[in-house]
Each structure stands twice: as structure tokens, then as C-alpha cells.
Amino acid sequence: YTLHKSYNGKITMYVKRAINNNELSSSGVVGLNKNRVIGFVEKPEPAEAPSRFINVGKYIISRDISMYFPKRSKFSFEQDFLQKVIKKIRVYVYRESSVWYPTDTPERLAIARSKW
């Protein structure tokens with residue numbers, strides 16, 4: 001939280017360096033200028049990825065950005081919101097170094113559970 005405040009941004013996104021191309025093509029990948037996010041691509045082909053840093057799905061979000069949320073009850077945070085506002089608001093990263101297991105499919109969730 002202290003890092004988020006020091007950035008004076010609206011969102012701090014946790015990212016980690018992808019260890020292989022499969023992680024790149026199955027995750028959201030951020031384009032960076034130092035610690036500021038300048039682009040976000042959901043599940044790109046590895047050759048089209050703007051960096052090797054992937055979104056791990058953890059965020060610190062300032063309360064005042066809700067005005068940018070789509071005006072419907074359900075939306076994809078990454079595709080319907082983040083990709084569209086990345087150029088309008090200040091988004092920064094925290095580079096995560098701990099072990100991370102994606103849980104976006106039943107198979108990946110089972111793998112993550114087996115590691116606990």
C-alpha cells in the first residue's frame with residue numbers, strides 16, 4: 001500500500017516475469033515504462049507481447065476510479081475496463097517475486113490446490 005501511495009497513481013497491478021511463452025499467451029501482459037503501465041494486452045501471442053511481465057490478478061485500486069467502470073452490472077475487469085483506461089489513468093506495477101499459480105481454469109485450479 002505504501003508503494004501505491006508513493007506512485008500517486010490510481011491502480012497498482014501486481015505482475016511477475018513470465019517463465020515461458022505459455023504463461024505469456026495465457027495471461028494479460030503489460031507494457032511498461034519503468035514501473036508505469038503504458039499498455040495491456042490480454043492473452044497475446046508471445047511474439048506480440050509488449051513485455052515479459054504478466055498480470056497476476058491482484059490490484060490496489062483507488063476508490064475514485066469507479067466512474068470509469070462500464071455502466072453494466074457484469075464486466076471483465078481486464079478486457080472491458082483495464083485495456084480501455086490504461087491511457088487515461090495512472091497505472092503502476094508491483095513486481096511480485098513469490099510463487100504464483102494461475103487459477104483461471106479448473107485444471108489450473110487443481111494444480112494450484114495440489115501445491116498447497
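Lysine 34 is placed in the loop that runs between strand 2 (28-33) and strand 3 (36-42); helices (H or I, at least four residues) and strands (E, at least two) are DSSP runs, numbered from the N terminus. The model is a predicted one, in which local features need pLDDT of at least 70 and side-chain atom pairs count only at pLDDT 80 or more, while totals for chains, interfaces and linings use all residues. Residues are numbered from 1 along each chain as its sequence is written, and side-chain values use heavy atoms, with hydrogens and water left out.

Strand 2 and strand 3 form a hairpin with two residues between them. The two strands run antiparallel and are joined by six bridges; strands are taken to pair if DSSP finds at least two bridges between them. Within this pairing, leucine 32 stands opposite valine 37 of strand 3. With a relative accessible area of 71%, lysine 34 is exposed; buried means under 20% relative accessible area, exposed over 50%, and partly exposed in between (1.4 Å probe, protein chains only).

Asparagine 8 also has a phi near 60 degrees, again positive in a residue other than glycine. Asparagine 8 lies in the loop between helix 1 and strand 1 (11-17), and at 55% relative accessibility it counts as exposed.

The aromatic side chains come next. A search of the whole structure finds six aromatic pairs. Rings of Phe, Tyr and Trp (its six-membered ring) pair if their centres lie within 6.5 Å; planes under 30 degrees apart count as stacked, over 60 as edge-to-face and the rest as tilted. Tyrosine 7 and tyrosine 92 make a stacked pair, with 4.5 Å from centre to centre and 20 degrees between the planes. This pair links distant parts of the chain, since tyrosine 7 is in helix 1 (residues 2-7) and tyrosine 92 in strand 5 (residues 91-95), 85 residues apart. Tyrosine 7 is buried at a relative accessible area of 16%, and tyrosine 92 is buried at 14%.

Phenylalanine 69 and phenylalanine 81 form an edge-to-face pair, 4.9 Å centre to centre and with 85 degrees between the planes. Phenylalanine 69 lies in the loop between strand 4 (53-61) and helix 3 (77-85), and phenylalanine 81 in helix 3, so the pair ties together parts that are twelve residues apart in sequence. Phenylalanine 69 is partly exposed, with a relative accessible area of 27%, whereas phenylalanine 81 counts as buried at 0% relative accessibility. Both residues belong to one aromatic cluster formed by Tyr59, Phe69, Phe75, Phe77 and Phe81.

The charged end of arginine 95 sits over the ring of phenylalanine 53, 4.6 Å from the ring centre; the rule requires NZ of Lys or CZ of Arg within 6 Å of the ring centre and within 35 degrees of the ring normal.

Side chains of opposite charge can pair when their charged atoms come close. A salt bridge is a side-chain nitrogen of Lys or Arg within 4 Å of a carboxyl oxygen of Asp or Glu, and by this rule the count comes to five. One of them joins lysine 16 and glutamate 23, at 3.3 Å from N to O, and both of these residues are buried. Another joins glutamate 42 to lysine 43, with the closest N and O atoms 2.8 Å apart. Here glutamate 42 is buried, with a relative accessible area of 19%, and lysine 43 is partly exposed, at 43%. Arginine 72 forms a salt bridge with aspartate 80, the closest N and O atoms again being 2.8 Å apart. Arginine 72 counts as partly exposed at 45% relative accessibility, and aspartate 80 is partly exposed at 21%.

Tyrosine 101 is found in the loop between strand 5 and helix 4 (106-115) and is partly exposed, with a relative accessible area of 32%.
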